[in-house]
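Here is a walk around a protein model with a ligand in it. Keep the structure open and turn it as you read.

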Amino acid sequence: MELYFSPLACSLATRIALYEMDLPARFVQVDSKTKTLPDGTDYRSLHPLGLVPFLRTDGGELLSENAAILQYVGELPAKTKLMPERPLERIRVHQWLCFIGTELHRSTFSPLLDPDAPEAVKRYAIEHGRSRLEHVDHHLRDRKHLTDELTVADAYLFAILNWTLATPIKLDDYPGLRDFRNRMLERPMFAKAFGEEVQLYQAELAKRR
Ligand SMILES: N[C@@H](CCC(=O)N[C@@H](CS)C(=O)NCC(=O)O)C(=O)O
């Protein structure tokens, strides 16, 4: 398997899932600004939109879209699965992946992280995002995970919440989310994946300076 990723992007969720499930993979870094691969080729020749994550399966299939990739990885044969067996629980995970991808990732955080987004768009994203963040915050106040067990949806939420470090959204305003992120960080595989990508992110920044 090959995971195309950029440091601290939403592709971090798939790295976490692979580590938690102890699945082997090759990680191919996409420069988020230049869209080049380590061998200098243009990533857009592989993924025309230049988005990560992108996964090449062991069978050679190319998969895009975070929610789809996470579900694929989450149910690969492994001792620890990150997708539940029961149909309704699977739907619940699907529900959260959609919610995180649309309501939090693209509608709330993407404009805040985009240096080209106009200030009015950023203000709108903060206003609009508040009710969405409150919704998950309340859900997590008395739960360890989004659903009964740890799943790929938790890895995706964790990846998104890290972006509060670079945006005006403050996790202290959302104690359920803050405690969830801290709990996830206590898991060795979450901490390993996050720590590695922080280093890669800093190296990418230093290269650009
Ligand atoms: N709909 C895509 C969105 C993925 C996405 O937003 N990826 C970001 C990183 S978190 C990206 O590659 N941004 C680069 C760009 O927009 O050029 C998915 O869910 O996979």
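Predicted model: local features only at pLDDT ≥ 70, side-chain atom pairs only at ≥ 80, totals over all residues.

**Around the ligand**

Start with the ligand. Its surroundings are made up of A9, C10, K35, L51, V52, P53, E65, N66, H105, R106 and W163.

| Residue | Part of the residue | Distance to a ligand oxygen |
|---|---|---|
| K35 | side chain N or O atom | 2.9 Å |
| N66 | backbone N or O atom | 2.8 Å |
| R106 | polar side-chain atom | 2.6 Å |

On its own, the ligand would expose 510 Å², and the protein buries 74% of that area.

**Helix α1 and its cover**

Now move to helix α1, which runs over residues 12–21. How many of its residues are buried? The count is 10 of 10, so the helix is mostly covered. The buried set is L12, A13, T14, R15, I16, A17, L18, Y19, E20 and M21. Among the elements covering them are β1 (2–5), β2 (26–29), α2 (66–74), α5 and α7 (188–208).

T14 is a handy one to click on. Its relative accessible area is 0%, so T14 is buried. Leaving out residues up to four places away in sequence, T14 touches L3, P53, N66, I69, L70 and V73. Two of those names, P53 and N66, also turn up around the ligand.

Two other residues of α1 take part in charge-over-ring arrangements. The charged end of R15 sits over the ring of F27, 4.1 Å from its centre. Just past the helix, D22 takes a positive phi of about 60°.

**Aromatic rings**

The model has 9 aromatic pairs. One of them is W96 with F99, an edge-to-face pair with 5.6 Å between centres and 80° between planes. Why are these two about one helical turn apart? They are 3 residues apart in helix α3 (residues 87–113), so about one turn separates them. As a rule, an α-helix has 3.6 residues a turn, so residues three or four places apart point the same way. Both W96 and F99 are buried.

F109 and W163 make another pair. Their ring centres are 6.1 Å apart and their planes meet at 65°, which is over the 60-degree cut-off, so this pair is edge-to-face too. Here the partners come from distant parts of the chain, 54 residues apart: F109 is in helix α3, while W163 is in the loop between α5 (152–161) and α6 (175–185). F109 has 0% relative accessibility, so it counts as buried. W163 is at 10%, which is under the 20% limit, so it counts as buried as well. W163 is also one of the residues around the ligand.

Elsewhere, Y4, Y43 and F54 form one aromatic cluster.

T34 belongs to the loop between β2 and β3 (54–56). Is T34 buried, exposed or in between? At 42% relative accessibility, T34 counts as partly exposed, because that value falls between the 20% and 50% limits. The side chain of T34 makes a polar contact of 2.7 Å with the side chain of T36.

Methods
Residues numbered from 1 in each chain as written. Heavy atoms only, no water. Phe/Tyr/Trp six-rings, centres within 6.5 Å; stacked < 30°, edge-to-face > 60°. Helix = DSSP H or I, 4+ residues; strand = E, 2+ residues; numbered from the N terminus. Buried < 20%, exposed > 50% of the residue type's maximum accessible area, 1.4 Å probe, protein only. Lys NZ or Arg CZ within 6 Å of the ring centre and 35° of its normal. Near = heavy atom within 4 Å. Polar contact = N/O pair within 3.5 Å; in protein donor to acceptor, adjacent residues only side chain to side chain. Areas by Shrake-Rupley, 256 points an atom, 1.4 Å probe, with all protein chains shown as cover. Contact = heavy atoms within 4.5 Å.
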